[in-house]
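User: I have a structure open and want to go through a few parts of it. Can you take my questions one at a time?

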Amino acid sequence: MTSNLPKPLRRHTLALALIGSTLGALSLGAQAQTAAAPYPNKPVRIIVGFPAGTGPDIVARQLAQKLSEAWGNAGVVVDNKPGAGGLIAASEAARAPADGYTLMLGETGQLSIAPNSYSRLPYDPVKDFAPVSQVVTADFVLLVNPQKVPSRNARDFVEWTRSQKGMFMATFGAGTPGHFGAFMFGDAVGVKPEAVHYKNTTDALGGLFSGDVQGVFASVGLAAPNVKAGKLVALGSTGATRTTALPDVPTLREQGYSSLEFNSWFGIVAPAKTPPELLARLNADITKAVRSPEGKQKLEDAGFKVTGTSREEFARIIAADTATWGKAVAATGFKAD
């Protein structure tokens, strides 16, 4: 007890106690102020691993607008980090602070295909990310240039390629869904395609217009404007049902290829250590945004199917697609490194 201490030591001990008490009060006050600060109280960044104008970018910007409105115009910034099929963006997002202010619009290639095609990745899709919500799915469309290819349906296209030197299919990059989709198509029709890899969508479509390649599997969002403008012809879509953006285009299943059904998806993920309560808040706000009448309509007009899943369902989708695309990757023998 301080009463048994000499007076100088008692005064010294009491002074230290007072200082400690004051610092403790200040610390508690700072913690209370931090806890009371609403989320978000500064701009939120959504990293996208693909260039502006691509499918992921369109989805991210639509989502960013609705979230910004819901959060009192706090600001949601789309940060395009293209390159390496989305791996550069995913690597940066995996290392970001787990505070809810850096998110990533992840897609099939980054989270389900890359683990199968790369022996080493700069990130771990399971350990480094917490699924928040799948936002949309996107069917693919088989596109050809009507000035270079006479076919107007999938079967005629296959027969026409048999009469040529081979089936040359453009891709938007090695290891992407369109790449393995081309091989799944070739397996279904009994023709081995030659994949011609381009750095981006612009270059791939350029190859299609020049006649360097014969076809490409592109997302509905990218395909629809070109088809509606008469620049390209859609021979078939890869969904279970026809896409609302191109209702006159039959599915490949309708054309007799019952095994040909595949798509890609885009969804929000956060750094793995993001607090659960913050992940729950993000899921609630994101699903509300994309399911709102305006948000849903804009995404559907761009060629996407809105899902807005729970965190648990998105995790199951990622795991299931990792297994599904793994079989396609193994069938091609492709290795990215």
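User: What does Leu282 touch, leaving out residues up to four places away in sequence?
Analyst: Leu282 touches Tyr39, Trp71, Leu103 and Val132. Contact here means heavy atoms within 4.5 Å. Before we go on: this is a predicted model, where local features need pLDDT of at least 70, side-chain atom pairs count only at pLDDT 80 or more, and totals for chains, interfaces and linings use all residues. Residues are numbered from 1 along each chain as its sequence is written, and side-chain values use heavy atoms, with hydrogens and water left out.

User: How far apart are the C-alpha atoms of Leu282 and Tyr39?
Analyst: They are separated by 9.9 Å, although the two residues are 243 residues apart along the chain.

User: And is Leu282 buried or exposed?
Analyst: Leu282 is buried, with a relative accessible area of 0%. Buried means under 20% relative accessible area, exposed means over 50%, and partly exposed is in between (1.4 Å probe, protein chains only).

User: Which helix is Leu282 in?
Analyst: Leu282 lies in α9, residues 276-291. Helices (H or I, at least four residues) and strands (E, at least two) are DSSP runs, numbered from the N terminus.

User: Which residue caps the N-terminal end of α4?
Analyst: Glu107 does, with a side-chain oxygen 3.0 Å from the backbone nitrogen of Gly109.

User: Back to β4, then. How many of its residues are buried?
Analyst: In β4, 16 of its 16 residues are buried.

User: How many bridges join β4 to β9?
Analyst: There are 9, and the two strands run antiparallel. Two strands pair if DSSP finds at least two bridges between them. The partner of Thr137 in β9 is Trp265.

User: What stands opposite Thr137 in β10?
Analyst: Lys305 does. The pairing of β4 with β10 (residues 305-306) is antiparallel, over 2 bridges.

User: How many bridges does β4 have with β7?
Analyst: β4 and β7 (residues 215-219) pair over 4 bridges, in the antiparallel sense. There, Leu142 stands opposite Phe217.

User: Last one: which residue of β8 is opposite Val144?
Analyst: Val233. β8 (residues 233-237) runs antiparallel to β4, joined by 4 bridges.

Technical notes
Polar contact = N/O pair within 3.5 Å; in protein donor to acceptor, adjacent residues only side chain to side chain.
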